[in-house]
Amino acid sequence: DFKFKPHALSFATNTGRQSIGSIQRSPAQVTNNRAQYPLAFTNNFDMQFTYLPRMFKEDLIIKTKERLPLANLSKNRREITFDVEFTLDVASSTQILIENQLWDRQAQRTTNQPIEIKQGTTSFYLAQPLAYDSQGVTIPLRYTVENRQNTIYLTLQTPYDWLMNETRVYPVTIDPTITLDYNSINWDGYL
């Protein structure tokens with residue numbers, strides 16, 4: 001069993017964290033293979049799930065820059081990240097490979113590379129994380145993976161400076177995509 005669930009939003013630096021909000025119940029708007037949850041976190045953030053054959057896209061959509069909370073952690077915006085935190089619920093026998101190395105579930109790890117989650121003969125891949133604006137301007141993101149009290153947290157980190165850049169065109173999408181290897185289960189691509 002593999003569960004990848006949105007959990008919380010925050011701003012972070014290496015010295016602190018500022019909470020923005022946790023996931024809230026939100027009615028789904030379902031169209032074909034896409035489910036959108038307006039206001040999933042607060043009044044400025046939607047979650048959108050898209051099922052495709054061998055792929056599951058889970059996008060956080062930030063609607064406007066003006067309604068993005070201000071980060072009050074540091075005077076230097078370059079030090080701040082906008083973090084989207086997920087919980088990863090997997091069996092203890094599941095292998096998590098970060099940069100092709102087995103993660104020991106002890107030390108915190110950070111990477112901008114895909115992560116493999118291997119359950120028996122089935123592998124799921126968290127693709128290289130990206131954020132992009134409405135004009136197609138893209139930036140690679142980082143994953144941080146850590147084990148806190150026997151819960152695995154996976155955090156996508158977007159540079160706050162990139163989000164606040166005057167050239168950024170909203171809405172902005174933060175895109176963690178999950179894919180299946182081609183020897184695994186077939187998804188039909190419909191909700």
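User: What makes us say that the charged end of Arg148 sits over the ring of Tyr153?

Analyst: In this predicted model, the charged end of Arg148 is 3.8 Å from the centre of the Tyr153 ring. The cut-off for the distance is 6 Å, together with an angle within 35 degrees of the ring normal, and Arg148 is listed as sitting over the ring of Tyr153. A second case is Arg168, which lies over the face of Trp162 at 4.0 Å from the ring centre.

User: Why is the contact of Glu146 and Arg148 called a salt bridge?

Analyst: The distance from N to O between the two side chains is 3.6 Å, and since the limit for a nitrogen of Lys or Arg and a carboxyl oxygen of Asp or Glu is 4 Å, the pair of Glu146 and Arg148 qualifies as a salt bridge. These two residues also belong to a network of salt bridges in which Glu85, Glu146 and Arg148 are linked.

User: How do you know whether Glu146 is buried or exposed, and what about Arg148?

Analyst: Glu146 has a relative accessible area of 17%, and buried means under 20%, so Glu146 is buried. Arg148 has a relative accessible area of 33%, which falls between the limits of 20% and 50%, and therefore Arg148 is called partly exposed.

User: How many salt bridges does a search of the whole structure find, and what makes Lys63 and Asp46 one of the pairs?

Analyst: The search finds five salt bridges. For Lys63 and Asp46 the distance from N to O is 3.4 Å, and because the limit is 4 Å, their side chains count as meeting in a salt bridge. This pair links distant parts of the chain, with Lys63 in the loop between strand S6 and strand S7, and Asp46 in strand S5, 17 residues apart. Lys63, at 28%, is partly exposed, whereas Asp46, at 7%, is buried, being under the limit of 20%.

User: Why is the contact of Asp133 and Arg168 called a salt bridge, and which parts of the chain does the pair link?

Analyst: The side chains of Asp133 and Arg168 meet at 3.3 Å from N to O, and this is within the 4 Å that the term requires. Asp133 is in the loop between strand S13 and strand S14, while Arg168 is in the loop between helix H1 and strand S17, and the two are 35 residues apart. Both Asp133 and Arg168 are buried.

User: How many aromatic pairs does the structure hold, and why is the pair of Phe11 and Tyr160 given its name?

Analyst: The structure holds four aromatic pairs. The ring centres of Phe11 and Tyr160 are 5.1 Å apart, with the planes at 75 degrees; because centres must lie within 6.5 Å and planes over 60 degrees apart count as edge-to-face, this pair is edge-to-face. Phe11 is in strand S1 and Tyr160 in helix H1, 149 residues apart, so the pair links distant parts of the chain. Phe11 is buried at 0%, and Tyr160 is buried at 3%. Phe11 and Tyr160 also form one aromatic cluster with Phe45 and Phe82.

User: What makes Tyr37 and Phe49 an aromatic pair?

Analyst: The rings of Tyr37 and Phe49 are 5.5 Å apart, centre to centre, with 85 degrees between the planes, and because the limits are 6.5 Å for the centres and over 60 degrees for edge-to-face, the pair is edge-to-face. Tyr37 lies in strand S4 and Phe49 in strand S5, so the pair ties together parts that are twelve residues apart in sequence. Tyr37, at 28%, counts as partly exposed, while Phe49, at 14%, counts as buried.

User: How do you know that S4 and S5 pair?

Analyst: Two strands need at least two bridges, and S4 and S5 have four, in the antiparallel sense. In S5, the bridge partner of Tyr37 is Met47. S4 also pairs with strand S3 in the antiparallel sense, over three bridges, and Gln29 has Gln36 in S4 as its bridge partner.

User: Why is the contact of Ser123 with Glu116 called polar?

Analyst: The side chains of Ser123 and Glu116 make this contact at 2.7 Å, and the limit for a polar contact is 3.5 Å. Ser123 lies in strand S12, and at 3% relative accessibility Ser123 counts as buried.

Conventions. Residues are numbered from 1 along each chain as its sequence is written. This is a predicted model: local features need pLDDT of at least 70, side-chain atom pairs count only at pLDDT 80 or more; totals for chains, interfaces and linings use all residues. Side-chain values use heavy atoms; hydrogens and water are left out. Buried means under 20% relative accessible area, exposed over 50%, partly exposed in between (1.4 Å probe, protein chains only). A polar contact is a pair of N or O atoms within 3.5 Å; within protein, one must be able to donate a hydrogen and the other to accept it, and residues adjacent in sequence count only if both atoms are side-chain atoms. Rings of Phe, Tyr and Trp (its six-membered ring) pair if their centres lie within 6.5 Å; planes under 30 degrees apart count as stacked, over 60 as edge-to-face and the rest as tilted.
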